[in-house]
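These are my notebook entries on side-chain contacts and surface features.

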Amino acid sequence: MNQKILKLENLLRFRTLCRQLHGLGQRRPLAQWRHLFSSVYPVWTAQLCVRPWQTDVLIGAALSQYRLLVTKKEERLRKSQLSSTKSKKEVEVWIGITVEELARAMDKDIDYIYEALMNTAIDIDSLEANSHLDEVWIKEVIKKAGMKIKWSKLKQDKVRENRDAVRRPQADAALLTPRSPVVTIMGHVDHGKTTLLDKLRKTQVAAMEAGGITQHIGAFLVSLPSGEKITFLDTPGHAAFSAMRARGAQVTDIIILVVAADDGVMKQTVESIQHAKDAQVPIVLAINKCDKAEADPEKVKKELLAYDVVCEDYGGDVQAVHVSALTGDNLMALAEATIALAEMLELKADPTGPVEGTVIESFTDKGRGPVTTAIIQRGTLRKGSILVAGKSWAKVRLMFDENGKTVNEASPSMPVGITGWRDLPSAGDEILEVESEPRAREVVDWRKYEQEQEKNIEDLKMIEEKRKEHQEAHRKAREKYGTLNWKERSFMKYQEKKEQKPLKSKEKTERDSNVLPIIIKGDVDGSVEAILNIMDTYDASHECELELVHFGVGDISENDVNLAETFRGVIYGFNVNAGNVIQQSAAKKRVKIKLHKIIYRLVEDLQEELSSRLPCTVEEHPIGEASILATFSVAEGKKKVPVAGCRVQKGQLEKQKKFKLIRNGHVIWKGSLTSLKHHKDDVSVIKTGMDCGLSLDEEKIEFKVGDEIVCYEEKEVLAKTSWDPGF
């Protein structure tokens, strides 16, 4: 403002100076005429001779008025700017925001967004509430609303310090002490792995397993007469439990490969060999069922040569022991071979410092809550220790061995059951001991935070992909309507919407029947994992969609029944129970609960349920066949009807059934007969060897000598799913 006033002052003074100079030049002529006009125009004469001081007064008055006007104008402008700044609302938006989300962020209704985008390049008709908006249109809407835009960012921009727990560095060799070997028994299903282990520890584990098949990993400590101890992991041989065998191989020192002498190398045998190679674990071969008459141990050894498992008899380094798990023959020789190999490996561990281990299995016990079976790999676990595994932590409340007996401490290579977990960790998770409960919570929080950040990044990528797809679809739609005027475009869109009729109740039922929502509950984490791995092989979604609603560990609960009712699904339980109250509730809500003890029975049941959701297929069953020997026409009123003279070659022709006409191996007509006559009589059945005349319900069909007429009936047959889980 001051600069403007100074400029005005200089301008006025310059103009006054010019006037004074001009006045000096004209003063003399004015003096000559003053006496002439003074008497007639006294006022005008006085105005011609304005004094310089009067000019300064005028300039001062003008400047003061101008200052007042400029000051008021600037104050008015400042107030309006302040009021506009105060009234502007800040709207937080992000890339890929939808119409509905933008309206919610602006505290407006969806119609306001549509109105703001009117008369723009965007196609309003194609916009839905869940349509994603580009950055250009987000800015346009917020600008028209007179609001400020604020772009939100991912939380990952705020860098957090890594607070995860990690394994300790390797201990000094001087601190290491000898430890027992961890041995995993592997092999094909029903080759005698559990029976072999049962004989070694003299318990009846195999008798407790459903169908004689091990369902999940058991970890056992076996003491031999020599005083040596071996920790055994018994892995399932069933095809479904491949992940469990791989996990068992990762924590083991030696693998005992069990092969039946009467069966030879099978699918899971090869898989077990591959797991051993991947984990770089040595193998001891146990050729089982040698007590059978048809046993051929040498054949087994030769078959294994193809998989680079060379026994000592053939110049290799793999010990082969002939055993009989059923009678107990030669089991001590197998144990001694295992101990000898362990001594060669010089297995040692550090029993001091914080505990490190691996979760072998996890499950929920009614009395104890979340329980894990673990192998201790370093340190000594004691009651009260604070452990972290995955995204769960525990203060050890109780430890027990494979027989349920309470133990006070667990040293390296010892399998132990642990209670006190806040949540159920997953099988295969690494166990680490931390100094305190706050530290355990800190580690778990960090791991959850890390998982959340990864999920946010994946979600953002997905949003960006969806946005690009939407843009491409919008571009194609604009190209489609680009050459049309607005009337033609509106009519075309109306026709498209008209074609998209809402589904009728019958169509909705058919659509729902093509989806099978399921809930999976298992006794332990590994069993659920195996079932989910089987479901991953499902490849018949074009027939019926398989939808996993929920899965978990533990008995079937009321929440599972409510979920199944909501999604109209089926509950599958593996080695779990459903109480009477739960079963009554399920029956009342018409929810199916299917409980199984053997995994392949569960899979078969699932296949049957999927098949029941498929529409029935129609099969044609032939009743009789006839060949056309002659053709002629019969007059019926004013029209002529073609008639075929036939002879029945096989079966019989029944007028009420369906017929088809075959020419040169191709079906050219299907339908029913209008007449069937034997000589001049109308008949309903013509048997083998009889002649007849027949006419079809379609007059345009022309008969030819040599054509075949087939009489058949249609039967509905239940469809079967094409999904093959592989066992």
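I call a residue buried under 20% relative accessible area, exposed over 50% and partly exposed in between, using a 1.4 Å probe and protein chains only. The model is predicted, so I took local features only at pLDDT of at least 70 and side-chain atom pairs only at pLDDT 80 or more, while totals for chains, interfaces and linings use all residues. I number residues from 1 along each chain as its sequence is written, and side-chain values rest on heavy atoms, with hydrogens and water left out.

I looked up Cys311, which counts as buried because its relative accessibility is 1%. I then searched for disulfides (pairs of cysteine sulfur atoms within 2.5 Å) and found zero. Cys692 is in no disulfide, and its nearest cysteine sulfur, that of Cys646, is 4.9 Å away. With a relative accessibility of 7%, Cys692 counts as buried.

Entry 2, aromatic pairs. I paired rings of Phe, Tyr and Trp (its six-membered ring) if their centres lie within 6.5 Å, calling planes under 30 degrees apart stacked, over 60 edge-to-face and the rest tilted. The count by this rule is two aromatic pairs. Trp446 and Tyr449 form a tilted pair, because their planes are at 40 degrees, with ring centres 5.6 Å apart. I place both in helix H13 (residues 437–481), three residues apart and thus separated by about one helical turn. Helices (H or I, at least four residues) and strands (E, at least two) are DSSP runs, numbered from the N terminus. I find Trp446 and Tyr449 both buried.

Tyr538 and Trp723 are edge-to-face, since their planes stand at 75 degrees, and their ring centres are 5.3 Å apart. This pair links distant parts of the chain, 185 residues apart: Tyr538 is in the loop between helix H16 (525–535) and strand S20 (545–553), and Trp723 is in the segment after strand S31 (708–717). Tyr538 and Trp723 are buried.

I required NZ of Lys or CZ of Arg within 6 Å of the ring centre and within 35 degrees of the ring normal. Arg368 lies over the face of Phe400, 4.2 Å from the ring centre. The charged end of Lys660 is placed over the ring of Tyr712, at 5.3 Å from its centre.

I located Ile95 in the loop between strand S1 (90–93) and helix H4 (99–105). Its relative accessibility is 45%, so Ile95 counts as partly exposed.
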